Amino acid sequence: MTLSHELPHSFEGALALAKKYLSRSRTLVERNLVMTEAEQIVQAAYRLITNKKLSRSDMLLRINEPFPPQAAEKVLVWASQRAEGKPLQYLTGHQTFLNHEYLVGPGVLIPRPETEFLVSSAIQELSTHLPQYGIEVGLGSGAIAIELLALFPKLKIVASEVEPQAIRIAMKNAFLVLGAESMKRLKVIQSDSQTEVLGVFAQKAADFIISNPPYLDSSDPIDPDVLLYEPRAALFAASPDSLYFYREFASHASQWLKPGGYLFLEVPHQRAQLISELFDKKIWKIRLAQDLTGRDRVLVAILNP
């Protein structure tokens, strides 16, 4: 830690302090993220203390202006913790996902760009069908369900989630984005078991089912910080079989869908073809959607009428 008299007095000094501590992380240096994350930390610290959002351009215009002392203390603490590996989103408490900003925190999987592609793929398919009832397996921060509810005003979603902390944060997010109507449009069922998939849902005949299920395998390359800080239940299937959730969807999802209903699943690209082969082609019309890197990222399955 630095002495209090070393705390910065300007935005420029706050950025320099954040860069100094973030540069101690080999990972951030190698990924060329030091400057980007320094700016995000300074913006988030200023927002926390003043309750005012500050764009990057506004921050740079104010680079020589005074920086609040309490915010400077936060910059020091957060930059130090980030250099030690703690996820930036858990420090700042926010993550932008598609069209909205979401609260996140320990116990909740941080929404990722891959999952944005899952939601975008679902929107593309559903935009001509105007869905009214959907199911999400594994609510997490609520970002998937909330983005869909925000776009389709007549839609209602029932979601499952095993972690109580995730449910609390998701409902806060729903209220922040959707307002009071969130209570009527998003219902959450707390699962009793990490192996429970569709059995918790009493209502059937859904227009779609969507999920980013736990799919990591112990042999996959995984960032050590992800393993250390993010919830394992959202990363790894409780079963030793990393395809457990996909087998469950392939075997039972048709019972919860209307004829012609959709199933949208985020998939690990290295096992995407294997996952698609789990689905009976007599029952499902299957395709794999590729993300911007050209990798298979989303399985889209349509239940044959």
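## The second largest pocket

The second largest pocket holds about 480 Å³ of space, a volume being the space filled by 1.4 Å probe spheres set on grid points. A pocket here is an open set of points on a 1 Å grid over the protein atoms alone, with protein on both sides within 12 Å along at least five of seven lines, and lining residues have an atom within 4 Å of a point. Of the 17 lining residues, Gln40, Ala44, Arg47, His94 and Glu101 are the closest to the centre of the pocket.

## Basis of the model

This is a predicted model, in which local features need pLDDT of at least 70 and side-chain atom pairs pLDDT 80 or more, while totals for chains, interfaces and linings use all residues. Residues are numbered from 1 along each chain, and side-chain values use heavy atoms, without hydrogens and water.

## Make-up of the lining

Helix α3 gives the largest share of this lining, 5 residues, and α3, α6 (88-92) and β1 (94-97) each supply at least two; helices are DSSP runs of H or I with at least four residues, and strands are runs of E with at least two. The lining divides into 5 nonpolar, 8 polar and 4 charged residues, where Asp, Glu, Lys and Arg count as charged, Ala, Val, Leu, Ile, Met, Phe, Trp, Tyr, Cys and Pro as nonpolar, and the others as polar.

## Packing of α1 on α3

Helix α3 (residues 34-50) also packs with helix α1 (residues 11-22) at an angle of about 130°, their axes 9 Å apart.

Terms used: Axes are lines fitted to C-alpha atoms, for helices over the stretch in contact, and angles run from 0 to 180 degrees between N-to-C directions.
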